[in-house]
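Dear colleague,

Please find the structure below, with its sequence. My findings follow it.

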Amino acid sequence: MKLKVNNKTVYVYTGTKDLIPEQDTIVFVHGAGLDHTVWLLQSRYFAHHGWNVVALDLPGHGHSHGPALSPIETMADWVVQLMDGLGIEQAAVVGHSMGSLVALETGARHPQRVKRLALLGTSIPLAVSEPLLNAARNNDHAAFDMITLWGHGHAAQLGGHPVPGMWMIGNTVRLLEHSPPGVLYADLTACNQYQTGLVSARQLHCPVLLVLASQDRMTPIAIAEELIHSIGDVHTVILDDCGHMMLAEQPNQVLDALKTFLFGGQN
Amino acid sequence: MAGPRYPRFDTLTLHAGQRPDPTTGARAVPIFQTTSYVFKDTDQAAAIFNGERPGHVYSRISNPTNAVLEERIAALEGGVGAIATASGQAAMHLAITTLMGAGSHIVSSRSLYGGSHNLLCYTLPRFGIETTFVDPRVPAAFRDALRPNTRLIFAETLGNPGLDVLDIPAIADIAHDAGVPLLIDSTFTTPYLCKPFEHGADLLFHSATKFLGGHGVAIGGLLVDSGHFDWLGSDKFPTLTEPYAGFHNLVFAEEFGPAAFIARARKEGVRDFGACMSPTTAFHILQGIETLPLRMQRHIDNTRKLVAHLHTHPAVDSVIYPELAGHPDHELTKRLLPKGVGAVFSFIIKGGRAAGRKFIEGLQIFSHLANVGDAKSLVIHPASTTHHRMDADALRAAGISEGMVRLSVGLEDPDDLMEDLDRGLHASQK
């Protein structure tokens, strides 16, 4: 569905369902240069199991009009403005990669609006290498290639997509190619400049799930350690043989982790 | 680029889409000769059916062996996904029916495989889909043939049997200016020689029966989606941009993004039309793809020797091969097909149809049959076989003459092949 936030068109995927006021809501926030389609399987599951699903396209991404927002704190405030626009008082916020920073900051800045947080493929800091930043600054296709190569685990480099017939390397590259010029650079810069994540993490009062991957080269587990220790009510799931692009590489495991966390062990 | 690199083409031909079997450790791709798959529980069953979890339900729709093949060809072509079909014709039909219905129009090259020409010219009109055929060497002709209801431009990388080389970038620009995708039949070239997506094509298919399988043992097709086309940027494709009542009002372009086309093709076209590939066939084609780079290079090396031999042979009027300086697409060939133009070519024998018959019957190594892309060398007379349904005008328009003989050059010793051609040519002139 499309709506206006700050007079700009925003697209959110709801699982082809209407949002029902009596139902709990999950807001899914995608990573740098990507859009709502990365949550395809997980968002569809929850939409068909009694949840309102809001898999958003951040401004400048997917079908939402730009420009891209920056810094992370502005994106977090925008998520709440979107919730206002949809009439959602409180939600579980689930973010991947850059989206995890947005989710974290939303929880810290607007604690009354966030019931639970799930941070996937996350670390503080989320540093971006100079070669990647430079390539993104120049809108060089090498930036897409670096993210795709570093983003997938060893086995996934050669495929084995859980969805029959799909080539996940090709899908990631194409998704990044669809982002307008400058958007990836804006996103990566926002990630790189986000320095207050650990302070924000200490302010969280809601339950937090971290889903990390053993072969993640973008947000390595070792870098995430300090984040884990900064959160009071934290649950951590480690995915073996998986890279940063866990939503495509291990969609079942990600869904199971989210189900256990969001349903509180039920269903 | 700094850091790691993507696996290269030859590595992908062997590994893409497959991980060693987690249960048995089998290194080769297992043949999952099963119709259906046991669900763990009712929740999992419902989730797979509803597209909430990945998985297999029924082998008409997907199969683990086929999935390896599909992923492998998508990787080799640089696409987002693929579907294995019962034949190349089934792949072409699946592409068309995913995009359009009655009242739609296609602009197509007129130099086509006979089966493709049949489908477009005679069969699809019965279902309300019309085609205008144009000269593939005149890009403006594609533009001139566009109508408000045009939904697709279609052509072959190499026209059959005249080997017209398609100016894919020029035709892709025309298609995109009109807001329609370009579909390519890439059977003759395979991704070893040409990757149409890198030149602007949006969709492609193969008759995998030919060079991909490579051994003449299995019929199959592969439909591949580049993920490039912006379906939501057009109002011409309601199958992808409007709610689909057959799947809970799913809007494919919104839900699947770059993979919208291939997702709809599987969830509707394969499910409902049912032209699926058998897993044993998928295994045979995978075995062929594993040696594709080696075979294609040998095919080309042999072909170049035979072309050079026939080019100066006194019993031959002319040889049609784009690498020859006199071919009208010679310069385009250098740009689009620098590694070679494949192993299928035609020549005009002196003496017309009668000489052609004597030539074919005089051969001992070349097999006279209706196929190309076998490891064994093949020969056929198009005017009386593959293109027999075309009238004289259509034959002339497609560049097919009475004396034309088409060869598909195999992997035999090239000296034996040359001696066989000499034997046939000698017989033809008696």
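Helices (H or I, at least four residues) and strands (E, at least two) are DSSP runs, numbered from the N terminus, and the expected span of a helix is 1.5 Å times one less than its number of residues. This is a predicted model, in which local features need pLDDT of at least 70 and side-chain atom pairs count only at pLDDT 80 or more, while totals for chains, interfaces and linings use all residues. Residues are numbered from 1 along each chain as its sequence is written, and chains are lettered from A and ligands numbered from 1 in the order in which they are written.

Helix 11 of chain B (residues 260-273) has 14 residues and reaches 19 Å from its first C-alpha to its last, close to the expected 20 Å. A kink of about 35° is centred on B:R266; the bend is the angle between axes fitted to the seven residues ending there and the seven starting there. Buried residues of this helix (20 or more other C-beta atoms within 10 Å of their own, placed from the backbone) include B:F261, B:R266 and B:V270. Among the elements that cover the buried residues are strand 1 (81-85) and helix 4 (88-99) of chain B. B:G274, with a positive phi near 75°, follows the helix.

Between the chains, 36 residues of chain A are in contact with 44 residues of chain B, contact meaning C-beta atoms, placed from the backbone, within 7 Å. Helix 1 (40-47), helix 5 (141-151), helix 6 (168-177) and helix 11 (251-262) of chain A each supply at least two residues of the side that touches chain B.

Yours sincerely

Methods: Contact = placed C-beta atoms within 7 Å. Buried ≥ 20, exposed ≤ 12 C-beta atoms within 10 Å, placed from the backbone.
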